Structures are given as structure tokens and as C-alpha cells.
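Try each task before you read its solution.

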Amino acid sequence: MSNPTTIRLYDDDVLFLRKYSETKKVDRTRLIKELLHEGVEKLKTEAAIADYKEGKRTIRECAELCRVDYRDFLNELAKRNLIGGNAKLQQIMLKDTSEQLGTFSS
Amino acid sequence: MIALDSSSTIYLAKIGLLPKLLEIGVELLTTSEVAEEIKKGAEKGYKDARIIGEFIRNKEIREISVKTNESIAKGIKLMNADASIVALALEKSCLLATEDATLQNTAKSLGASITNTAALLYHVYKEKKISKQQCVMLLDLLEQYGYNKEIALKMKEEILNEGENNE
């Protein structure tokens, strides 16, 4: 579904889009719609990542928000070196691990 | 015993740590919801997901159906797979392995013991299944795969500051 929306574009952008659509023989409206959609998707991902970093959403919740697979969102986190979780909890995780899995062999 | 979330299972598979954990006698569990997610990854062609699939098929990672996930999901508003893996860790009183910061915080607040790939790598090193050099190299590899640099650095400091163990 799409809704008609009026927006004012920068002159340079209009000129470029006009030339580009003529050269490539693509529909200008469709081109603008796709570019905007791509931008919205990127914005959605960045917003979800900000929420994740603030501890507001889990990876699965972010993936659902962005309408992508769990794996796709995990890849977005990997691109930003955000895998591994909360660095502040690392010492606790080390302690929990040794307590649960037993003492280290001598 | 460890309840494995998708994120940790994927990263443990990426650096080849799943067999090492089994070698030191750690029991690996996951939930049907998480297994389903892994299956989707395998269908999309991820090599690590195919490897994990083999572990599940061979029952080296046991797939468990948990009953309590609904109450946890309602209580703390978690999605199904998130709730199922936290419920499994609580039900079995075992470690929850996840790379998800939000899920780590939530699980901890519910009284679960938590871990991640870096902590498990350190454990395998301390159990002398890998050398200090291998451990540092695998931490470098984790960083290349998008791991948190602060965590990797902390772990390297931990390893390098403890003398000549496992040389």
C-alpha cells in the first residue's frame, strides 16, 4: 500500500534524479519511492540498534521491529562490534561460568 | 549444563568451541524455538547453522520443550524464543549462554546464571583444552566476526596477566 505525500526536494537532487531516470529509463516517481524506502529501512535499523544499546529491546525484538530474520539483525550488530553482550557483566559471567561448570583442573 | 541461545550457539560454532565443551563434559541444551531459528539460518545457507544442525541431529545439543515460557513471557514481556531459553535455564538451574546484552540483563534479574562465548572460551582454556596462544587467537577471530572489542580486550588481559598457564 502507498499514500500520496507531497515533499519539497533540493534542486540539485531533482536535477540529478531527472537526468538519472532519463539515462537509465526508469520511472522517476518509482525511483524516489525506492530511495526513500531504503532510507526508512536504514533509519529503522539504526533506531532498533539504539534501543538495543540502551537495553530496551532484545535482538529478537529488534529483528521483529525491523521485519528481518534474527540472523539478519545479528549481522547488523556484528557490523558494529556489538556481539557478546554487556561488557560490564563480563566478570559476573566469568564467575557464573566457573561456578556452574566446576572448578578448573589443576 | 548450558542452555544455549541462538547467538551463543552461532558464535561457539564459528570458532569451533562446541566440540571442546562436549569434550570437557558440558551438557548442551537448547529449546525448540531456538532450534527452529537455527534451522532457518541453515536454510539461508549459513555454514555455522548447518554445523549446529548436525549437533542437534546427533543429540549432542539436546532440544528441550519448556512448559514455563508462557508465564515468563507474560511476566517480563519477552518474545517466545527469548522466554523459552530463559525458562530452560531457570528450570534446569543451569547457565544461560547468550550474546544478547538485553537478555543477559533480564535473565540475571530473574536469578539465572549467565555466560557468553568469550567466558566459555576462557573456561575451555582454563580446562587446558586450548593453549594461551590459541585462546588469544580465537578472541581475535571473535573480534573479526563482530565481537565487542571491550569484552575481547578484557579477556585477553585476564589471560595475559595470569602467568604462564597452559603454555
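**Exercise 1.** In what order do the elements of chain A run from the N terminus on?

*Solution.* Keep in mind that this is a predicted model. Walk along chain A from the N terminus and you read α-α-α-α-α. Now tally by type: chain A has five helices and zero strands.

**Exercise 2.** Work out how the radius of gyration of chain A sits against that of a compact globule.

*Solution.* Start with the reference: for 106 residues, a compact globule would come out near 13 Å. Chain A, though, has 22 Å. Next, look at the box along the principal axes, which the C-alpha atoms of chain A fill at roughly 75 × 25 × 20 Å. Then check burial, where 25% of the 106 residues of chain A count as buried. Last, take the contacts in chain A with a separation of 6 or more: 9% of them come from residues 24 or more positions apart.

**Exercise 3.** Take apart the contact between chains A and B. How many residues does each chain put in?

*Solution.* First the counts: 34 residues come from chain A and 44 residues from chain B. Now stay on the chain B side and sort by element. Those supplying at least two residues each include helix H1 (6-14), helix H3 (32-43), strand E5 (113-115) and helix H10 (149-160) of chain B. H8(B) gives the largest share of that side, with seven residues.

Note on methods
Residues are numbered from 1 along each chain as its sequence is written. Chains are lettered from A and ligands numbered from 1 in the order in which they are written. This is a predicted model: local features need pLDDT of at least 70, side-chain atom pairs count only at pLDDT 80 or more; totals for chains, interfaces and linings use all residues. Two residues are in contact if their C-beta atoms, placed from the backbone, lie within 7 Å. Helices (H or I, at least four residues) and strands (E, at least two) are DSSP runs, numbered from the N terminus. The radius of gyration is taken over C-alpha atoms; the globule rule is 2.2 Å times the number of residues to the power 0.38. A residue is buried if 20 or more other C-beta atoms lie within 10 Å of its own, exposed if 12 or fewer, and partly exposed in between; C-beta atoms are placed from the backbone.
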